[in-house]
Amino acid sequence: MNDTAEITQWLSAARAGDKSALDRVLATLYRELHGMARRQLGGQQHGHTLDTTALVHEAYLKLAGRAEAEFEDRAHFFAYAASAMRSVVVDYARQRMAVKRGGDLHRVTDLPEDAGGGMRLDEEMLGLDVALNKLNDLDPRLAQVVEMRYFAGLSETEIAGLLKRSERSVRRDWQKARMFLLAALQG
């Protein structure tokens, strides 16, 4: 049985309430989750307490701790993992801002074309989170592409494969989402 079929089978068992099946999925995909976290935190400044292992473990707790979390397939799992990582990073940024005096939100002035350079864990992240929630209200598919691209660090090719869509379609979604987010963040 190939990895994808095995993971799909485990996800099905996890949906039926088998917690050990979800643990097998997470253990199998741990390396990929760690790579996602490493790509995203690669650009952060030293001195932060959130490192790649902590991000993966916090995301794991979110993935494993939600009884209603059901993963139909590998794509759904990675979409949920991206969302869990986003939640961890945003919570971390909120905690950091609460410590700083005058933790007002500042506006993001740039959403990079290439999201692989690491994200900033500061007030800009909180502004982006607010804008991304607005985008999700308008078009959940575009918000999912942003989560997978920006928060999970997946390439357009990887996203296209997971979502079973063309790379060109994912690229268009990414561009539309970037335009919306930039307008929301600057306005």
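These legends walk you through a few close-up views of the structure above. The model is predicted, so local features need pLDDT of at least 70 and side-chain atom pairs count only at pLDDT 80 or more, while totals for chains, interfaces and linings use all residues. Residues are numbered from 1 along each chain as its sequence is written, and side-chain values use heavy atoms, leaving out hydrogens and water.

**View 1. The largest nonpolar core has 57 residues.** A nonpolar core here is a set of buried Ala, Val, Leu, Ile, Met, Phe, Trp, Tyr and Cys residues joined through side-chain atoms within 4.5 Å. (Buried means under 20% relative accessible area, exposed over 50%, and partly exposed in between, with a 1.4 Å probe and protein chains only.) L33, F77 and M148 touch the most other members. Among the helices giving two or more residues are helix 1 (3–15), helix 2 (19–41) and helix 4 (74–99); helix 4 gives the most, with 15 residues. (Helices are DSSP runs of H or I, at least four residues, numbered from the N terminus.)

**View 2. Zoom in on M148 and its contacts.** Contact means heavy atoms within 4.5 Å. Setting aside residues up to four places away in sequence, M148 touches A75, F78, A79, A82, G153, L154, I159, L162 and L163.

**View 3. A21 sits in helix 2.** With 0% relative accessibility, A21 counts as buried. Beyond its neighbours within four places in sequence, A21 is in contact with W10, A13 and A14. A21 and W10 are 11 residues apart along the chain, and their C-alpha atoms are separated by 5.0 Å.

**View 4. R86, D129 and E147 form one network of salt bridges that share partners.** A salt bridge is a side-chain nitrogen of Lys or Arg within 4 Å of a carboxyl oxygen of Asp or Glu. Side chains of opposite charge can pair when their charged atoms come close. R86 pairs with D129, their closest N and O atoms being 2.5 Å apart; R86 is in helix 4 and D129 in helix 5, 43 residues apart. R86 also meets E147 in a salt bridge (2.9 Å, N to O), and E147 belongs to helix 6, 61 residues apart from R86. R86 is buried at 9% relative accessible area, D129 is buried at 7%, and E147 is buried at 11%.

**View 5. E156 and R171 make another salt bridge.** Their closest N and O atoms are 3.0 Å apart. E156 lies in helix 7 and R171 in helix 8, so this pair ties together parts 15 residues apart in sequence. E156 counts as buried at 11% relative accessibility, whereas R171 is partly exposed at 34%.
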